[in-house]
Amino acid sequence: DDGTSSYNIRSYSFLNNTLTLINSIDTTLSEGFRELEFHQSGNYVGMTSDTPGVVDVFEFNSGTGTIGPSVFATATHGARILYSSWSSNGNYYAIGGGLSGGYNVRVYAFDSGAPSLTPISGCNIAASDSQVHTLKFDSSGNYLAVGIYGGTGDRLKIYSFNGTTLTFVDSENFGGTSGNLVDLDWSSDGRSIVVAGDAGTNHIRLCTFDGTTLNEVIKTTLTQVTSGRLECVTMSPDDKFIVATGLSSSNQDEFRCYPFSHDSVILNNSWAVVAFDSAEDALRIANSSAIVSMDLNSANSNALVSTSWAISEIKGLNNSIAGLPIASATFVDDVAWRADGQYCALVGSGSVDQVEIFEHRDSTFTKITAAEHGSGATAYYAEWHPDGKHLAVCGTAGTASQTVVVYSFVNNVLTPVGSHASGQIVRSVSWSPDGTFLLSAEEGTGKINVYAFNSGTSTLTTPPTLLDTHGSWLLEASWSK
């Protein structure tokens with residue numbers, strides 16, 4: 001705001017780690033601007049005011065670094081505006097704040113030729129009985145996430161956007177009526193949303209979004225802000241980190257940075273999200289001694305490998321979050337996802353069907369086919385061929401002699417097309433990036449073997465070529481990608 005100076009907009013250059021003031025503008029607004037966001041073209045800056053609820057777009061000259069000085073396009077919401085967001089194509093500008101005319105979210109069509117900001121009637125919505133504190137379009141521009149402060153309804157709401165209408169999709173409560181959502185951010189692919197605020201002891205939460213459903217997968221408390229709140233949360237452009245800032249109760253750690261990936265999210269020193277695959281967080285939250293939101297037999301307290309936040313073996317898996325019964329297997333030793341995420345292969349031990357294929361659709365898993373690696377055998381590892389039409393499996397021999405098997409997967413049917421009896425337990429297999437070679441690692445002998453494979457004819461050449469002998473146990477081998 002104006003403060004003690006006569007300027008409420010300033011433009012800076014950032015060169016050689018130095019901020020240098022370029023120009024300043026006095027718009028004469030009594031409380032100045034609350035928030036600003038650059039247009040995707042870099043040629044405009046959208047700004048919104050707390051009072052009297054004005055939306056202004058200024059031109060920006062990237063060559064000189066100057067803003068304005070005159071307003072390029074303007075509109076009036078009529079109540080305080082706390083946040084704004086441009087759509088990915090730059091044609092729409094969404095604002096959120098207090099209620100005006102029965103609405104606290106509006107979307108404006110932006111025309112740089114006119115120039116003008118025109119409210120789209122189908123996008124004027126009342127998101128709650130209180131104020132919208134934050135909102136943001138996802139990278140596609142097809143969804144708008146809205147964060148609410150106060151009121152009695154859910155605090156996080158997702159709307160789909162088709163250019164003319166906002167349509168409600170799903171919501172999460174973020175701590176119920178005691179929690180207030182202050183800021184949010186999308187991952188670059190639109191699959192995850194991180195939110196922050198003052199929801200009791202859980203100040204930061206992570207949700208997944210599949211286009212129809214929001215699922216809260218983790219929440220954590222920050223001890224330094226138990227009497228304060230988080231003010232800002234944002235993901236790095238490469239989706240590798242989450243940064244949260246806020247008000248500290250003990251003058252410590254107002255800035256925190258967390259590592260992030262879709263496969264493993266660690267938000268504090270005790271808990272992590274271990275993903276079932278990169279699209280569906282079906283294994284949910286795990287720590288060194290428990291898995292939350294998964295039904296495990298009571299005898300399976302040691303199923304987790306705590307040092308690496310990984311699950312190596314799950315004994316007697318009954319029902320996961322996604323409703324995936326594995327009735328035929330005593331152990332599930334490995335899960336391999338096909339690159340498109342449509343199918344996953346589960347391998348392990350059991351009297352029959354040590355190899356099972358499940359189809360993944362709309363967060364549900366359906367078993368479609370199975371194969372027997374060998375009666376009484378254990379299949380330790382599986383990997384899909386780059387073409388998605390072949391699956392390599394390895395393990396013990398059982399009553400059958402083969403320890404390495406390649407299956408074709410066509411029309412939802414698994415058919416063995418090549419195998420080799422190495423005489424040793426094979427712990428892992430790995431396809432070369434081009435799919436012309438298959439690497440295998442023998443447990444007892446430490447041998448690293450390479451098989452040639454022709455995907456066109458589904459031919460595995462045996463015996464393999466001995467690449468090297470490690471001289472001790474080998475548990476896994478892998479190609480660089």
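## A first look at this predicted model

Leu21 is partly exposed, with a relative accessible area of 42%; partly exposed lies between buried, under 20%, and exposed, over 50% (1.4 Å probe, protein chains only). This is a predicted model, where local features need pLDDT of at least 70 and side-chain atom pairs count only at pLDDT 80 or more, while totals for chains, interfaces and linings use all residues. Residues are numbered from 1 along each chain as its sequence is written, and side-chain values use heavy atoms, leaving out hydrogens and water.

Leu21 sits in strand β2. Together with Tyr12, Phe14 and Leu19, Leu21 forms a nonpolar patch on the surface; such a patch joins nonpolar side chains (Val, Leu, Ile, Met, Phe, Trp, Tyr) within 5 Å, from residues with over 30% relative accessible area and no salt bridge. A salt bridge puts a side-chain nitrogen of Lys or Arg within 4 Å of a carboxyl oxygen of Asp or Glu. β1 (9-15) and β2 (18-25) each supply at least two residues of the patch.

Here are two accessible areas, from the Shrake-Rupley method with a 1.4 Å probe.

| Item | Accessible area |
|---|---|
| Protein chain | about 20900 Å² |
| Nonpolar patch of Tyr12, Phe14, Leu19 and Leu21 | about 460 Å² |

What about the whole chain: how many helices and strands does the protein chain have? There are zero helices and 41 strands, where strands are DSSP runs (E, at least two residues) and helices are runs of H or I, at least four residues. Buried residues make up 51% of the 481 residues.

Terms used. Patch = residues over 30% accessible without salt bridge, like charges linked within 9 Å, V, L, I, M, F, W, Y side chains within 5 Å.
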